[in-house]
Amino acid sequence: MKRFDISVVGELNADLILYGLPATLEPEREHLAETFAITLGSSSAIFAHNISLLGSRVGFTSCIGGDPLGNFCVDRLQESGVDISGVKVLSGKTTGVTVILPLSKQRQILTYLGTTLDLQFAHLDLNYLRSASHFHLSSFFLLRGLRPRIPDLFSQMKKSGLTTSLDTNDDPEDLWADDVKSALKSVDIFLPNEREARKLAGTADVQSALDVLAQLVPIVVIKCGPEGAMARRGKDQFRVPSMPVQPVDTVGAGDSFNAGFLHKFILRANLEACLEYGNAVAALSTTRAGGTEALRDQHHRESFLQTPAGQRKGGIP
Ligand SMILES: Nc1ncnc2c1ncn2[C@@H]1O[C@H](COP(=O)(O)OP(=O)(O)O)[C@@H](O)[C@H]1O
Ligand SMILES: [Mg+2]
């Protein structure tokens, strides 16, 4: 048996969230927040943390700087049961951070990428990555140092017999260059959201995007926010509605969906069961602030995931 169920490569940083700010921010004024939270951020770390709490054995590879926020992130991953021996500490560098300002109607999201940009192919221990049955990478476009080697990395994992999945997340430059398609040649499951699917496929609607992407990847799963998720495998298409909840915060919903979906996929569940569990774990993640807090609460996690959807009372702030 392999050491891990899943190897994860990606970024690692914290989210700093300031709640209860005035509705509008004026330059040069001091604005006071009512509450403040430091929580685990970054797509791949939220994913790794949450799939570990669902019961998968996870090996995580990333890098941090030699600073307290980097240590905080590693501690949170370790508490969830993730093996962090693939995390390199680059002393003298600074771990990235995201500052989130939820204002009355919209959120301001400010990110410093820090060591996300510094992860290189040379930092990866390929034998460590191969010691799992599945390989997942998040945030293709943010990993600028690793990006030129990502297609090769997927190809090597595939050749070593692992199943593979990719969630690119958004392209901040909105260019959707061809190197993503080159990585997709060795990807078994592609997990974009609706907008990302349309952008990459170059189509106006999501159904056409699914048709185009299904030519490139064996299983395409498109996350459709409150509408749930759809998937295509060859000629078979599935659509599963989301779980009814009153979301407190949808940060990390897509990553939590990936965690639920891939946890079931690794257990060889059928595609509809994977979609249903993805939606359930994503809905759970929206019931607390940040992407991991709802799953960290063992009682809340277990009772939410065990309760049939019809009997659920909605989010607990
Ligand atoms: N309002 C909501 N109610 C219930 N589930 C939701 C809601 N918003 C998002 N989700 C769940 O989160 C998943 C991912 O959300 P989405 O916004 O599509 O992805 P991303 O976070 O990657 O942008 C959805 O497929 C769905 O399962
Ligand atoms: Mg996403």
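**Ligand contacts, helices and rings**

Reply: Let us begin with a contact to the ligand: the side chain of asparagine 193 has an N or O atom 2.9 Å from an oxygen atom of ligand 1. A polar contact is a pair of N or O atoms within 3.5 Å; within protein, one must be able to donate a hydrogen and the other to accept it, and residues adjacent in sequence count only if both atoms are side-chain atoms. This is a predicted model, in which local features need pLDDT of at least 70 and side-chain atom pairs count only at pLDDT 80 or more, whereas totals for chains, interfaces and linings use all residues. Residues are numbered from 1 along each chain as its sequence is written, chains are lettered from A and ligands numbered from 1 in the order in which they are written, and side-chain values use heavy atoms, with hydrogens and water left out.

Me: Which residues around ligand 1 come nearest?

Reply: A residue is near a molecule or strand if one of its heavy atoms lies within 4 Å of it. Of the 15 residues around ligand 1, the nearest are Asn193, Gly225, Gly228, Gly254 and Asn279. For glycine 228, a backbone N or O atom is 2.9 Å from an oxygen atom of ligand 1. For glycine 254, the corresponding backbone distance to an oxygen atom of ligand 1 is 3.0 Å. Ligand 1 taken alone exposes 560 Å², of which the protein buries 83%. Accessible areas come from the Shrake-Rupley method with a 1.4 Å probe; for residues, only the protein chains shown count as cover.

Me: How many residues of α8 are buried?

Reply: Helices (H or I, at least four residues) and strands (E, at least two) are DSSP runs, numbered from the N terminus. Buried means under 20% relative accessible area, exposed over 50%, and partly exposed in between (1.4 Å probe, protein chains only). In α8, 11 of the 14 residues are buried, so this helix is largely enclosed by the rest of the structure. Among them are Ala253, Asp255, Phe257, Gly260 and Ile266. Phenylalanine 261 also belongs to helix α8 (residues 253-266), and its relative accessible area is 0%.

Me: How is the span of a helix judged, and what span does α8 reach?

Reply: The expected span of a helix is 1.5 Å times one less than its number of residues. From its first C-alpha to its last, α8 reaches 20 Å, close to the 20 Å expected. Helix α2 (residues 68-79) has 12 residues and should span 16 Å, which agrees with the 16 Å between its end C-alpha atoms. The buried residues of α2 include Phe72, Cys73, Val74 and Leu77.

Me: Where does a positive phi occur after α2?

Reply: Just after α2, glycine 81 takes a positive phi of about 100°. Arginine 268 lies in the loop between α8 and α9 (271-285) and is exposed, with a relative accessible area of 76%. Serine 139, also not a glycine, has a positive phi of about 65°. Serine 139 sits in the loop between β8 (132-138) and α4 (150-159) and is buried at 1% relative accessibility.

Me: How many aromatic pairs does a search of the whole structure find?

Reply: Rings of Phe, Tyr and Trp (its six-membered ring) pair if their centres lie within 6.5 Å; planes under 30 degrees apart count as stacked, over 60 as edge-to-face and the rest as tilted. The search of the whole structure finds five aromatic pairs. In one of them, the ring centres of phenylalanine 4 and tyrosine 128 are 5.5 Å apart and the planes lie at 70°, so the pair is edge-to-face. Phenylalanine 4 is in strand β1 (residues 4-9) and tyrosine 128 in helix α3 (residues 126-130), so this pair ties together parts 124 residues apart in sequence. Both phenylalanine 4 and tyrosine 128 are buried. Phenylalanine 140 and phenylalanine 141 also form an edge-to-face pair, at 5.2 Å centre to centre and 70° between the planes. Ring pairs link Phe140, Phe141 and Trp176 into a cluster.

Me: Which residue lies over the face of phenylalanine 121?

Reply: A charge sits over a ring if NZ of Lys or CZ of Arg is within 6 Å of the ring centre and within 35 degrees of the ring normal. Arginine 149 lies over the face of phenylalanine 121, 3.8 Å from the ring centre. Lysine 264 lies over the face of tyrosine 277, at 4.7 Å from the ring centre.
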